[in-house]
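Look at the sequence and the model shown here. The paragraphs after them take up a few parts of the fold, one at a time.

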Amino acid sequence: MKKNGIYLILFLLGIVAFGSCKTAKLSDALKKHALGEYYDAAAIYRKVYAKTPAKNKAQRGMVAYKMGECYRLTNNTSRAVSSYRNAVRYKYPDSSSVFYLAQMLHKSGRYPDAIKQYQAFLDSFPDHALSKMGIEGCRMAPEWKKNPSRYTVQRMEPFNSRRGEFCPMFYGKDNDLLYFTSSREAAIGDKKSAITGFKNNDFFMVKKDEKGKWQNPEAIDDGINTEFDEGIGSVTPDGNTMYYTFCAKDNTVAKTAEIRSSPRSGAKWGQGQRVEITKDTFSVFAHPAVSPTGDYLYFVSDMPGGIGGKDIWRAAIVGSNQFGYVENLGPEINTEADEMFPYVHTDGALYFSSNGHPGMGGLDIFIAVQDSATQKWKVTNAGYPMNSSGDDFGITFGTGGDFGYFSSNRNDGRGSDHIYSFGRPSYSVILEGFVSDNDDEPIPDATVRLVGKDGSIEKFVSRKDGSYKATLKRGMDYVMMASAKGYLNKMKKLKTDPEEKDQIYYADFFLPSITKPVLIENIFYDFDKATLRPESEKALDEVIEMLDDNPNVTIELSAHTDRKGSDEYNDGLSQRRAQSVVDYLCNNGVDPERLSPQGYGEKSPKIINRKMAEKYPFLKEGDVLTEEFILTLTPEQQEIADQLNRRTEFKVLRTDYRLF
């Protein structure tokens, strides 16, 4: 991959020098290959291959394989495919040529062909985990493309050049200054890297003007840039220190990457100094990422004790360039392949790139979220279009939104990396409703509180018509409480859908009055008996919820009869019915001291409210359903009036129960 020196240098420890060859030019290629000078080595291999007779299959196969290695490591995927095919065709004895051919086909988006080569390798090595992972990724990639995420991705032409740009990084909290790494012509020095064929990387920056438009990138004329490779930076929360990757050049031995820190003085970065995370001076240390709290430095290393390949580690920051406990992030994140380019979001999620988890090809961006109870990481592929069949890595998020930038070499024939923007279309999750009393009269200035499972608390006030409106989070459990002066509280629960789409939820609150009786609807008894019928339980369970929402309230449960029957009989029947309601509530956990049963017989006829008058046109608001009034109605209307009188109600007696 053309990380223009910084990424490529990570592979140097894995390079094995091959024995000398009689052909001088081939020996030159092998020497450069061993030093990690893949670009120059590939050019020599190509000439050697062309001059090697076809009948010399052994040498052709060997040269093709090594040429494929150089193209793979410089991210020239199409040439790597051709080279590995020739190595397989000439039966080069190293079977890894089949696996690497599968990987390059995978990276080219040629998924069916890649699966065939992965399977061919598995025929010889049936337990090879990376081949199994590759097949899984090839099968999932078309599905990711069919079902893309809501992210939109766009190549940022103002940032990009004909060379490579990667690993953007915001500086500050205003989203108006961005650093990135590039090998463009403005980089320091004149020499081209024998590893990549481009100049060594430097830091560049780009700013927004007063209208919010990005300007042209500028070279950083600070001590941080040198003739060598530097880039992939991360700044501490106070903005005063930048950690970054540095690679020196030595023509005699392979050099590893190291992490350096640069102090900021005024508006400039000072000369970088090597950071010593451990005493290990032989392993790779690269791709630093400071956590948003400044407590940890995440980084990439192949030091002993890892899972395999390049792993992501973190070290506790205990002082200026001083580090404490160092830990590997474990097998949920790290694989036997490479995990790199960590970035920690302000929400705690870890973003990183890997070619060891099932992906679309090359490096994919993954999201890891740690379970607070088990401390285990759950890893998810970021999906399409954030990921492609190429390499996707080096993500950064802007402040205050779900947007930012990342790097990718998608759709670049030379494999050069470029910067892309990403963002999600705005969507809204809205809660609407009304706060009314039990007679459907609006309650203005009522308070609706929303408590999210994440600990968030918000408060909204109802308008004159009782309506309210709130903005919610997707995929969130809420507890909602409505309250108003002169009314009991009412609680509801709501869980929003995690899907990224516009959603509207409705929740109306009907608050019982503290000053007047409240009808308990849908309470049914057997005829001429005090026994509650089963269909009454739902309404009574709602009364229990109301009492739970208002633990300092005591109530009177009253039962009323119609005008039929003697006063003595109706008084007794209504008292028994009120007691049946109290018994049900007590049997379901309500403290008996909070309940007072009272039977009123026919002594308290119903007074018609607006809601009832609208439902029954022959009645008007304020009518009292006495026997004298009912006798003025038609027989059908009398039956309705008698039904309205046969009711169960509650009224508040105290609001300070056990308050003191």
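What follows goes through a helix, a sheet and a pair of helices.

The model is predicted. Begin with helix H2, which covers residues 38-51. H2 has 14 residues, and the distance from its first C-alpha to its last is 20 Å, close to the 20 Å expected at 1.5 Å a residue. Which residues of H2 are buried? They are Tyr38, Ala41, Ala42, Ile44, Tyr45, Val48 and Tyr49. An α-helix has 3.6 residues a turn, so residues three or four places apart point the same way.

Next comes the sheet. It is open and consists of 4 strands in the order S2-S3-S4-S5, with antiparallel pairing. Strand S2 (165-170) and strand S5 (218-219) stand at the edges; each has a single partner strand, so one side of each lacks a neighbour in the sheet. In general, strands of a sheet pair through backbone hydrogen bonds, either parallel or antiparallel. S2 and strand S3, residues 177-182, run antiparallel and are joined by 4 bridges. To see one of these pairings, find Phe170, whose bridge partner in S3 is Leu178.

Where do H8 and H9 meet? From H8, the residues in contact are Glu537, Leu540, Asp541, Val543 and Ile544, while H9 contributes Val581, Tyr584 and Leu585. Sorted by class, this contact has 6 nonpolar residues, 2 charged residues and no polar ones.

Definitions and conventions: Residues numbered from 1 in each chain as written. Predicted model: local features only at pLDDT ≥ 70, side-chain atom pairs only at ≥ 80, totals over all residues. Heavy atoms only, no water. Pairing = 2+ DSSP bridges. Helix = DSSP H or I, 4+ residues; strand = E, 2+ residues; numbered from the N terminus. Contact = heavy atoms within 4.5 Å. Nonpolar A, V, L, I, M, F, W, Y, C, P; charged D, E, K, R; others polar. Expected span 1.5 Å × (residues − 1). Buried < 20%, exposed > 50% of the residue type's maximum accessible area, 1.4 Å probe, protein only.
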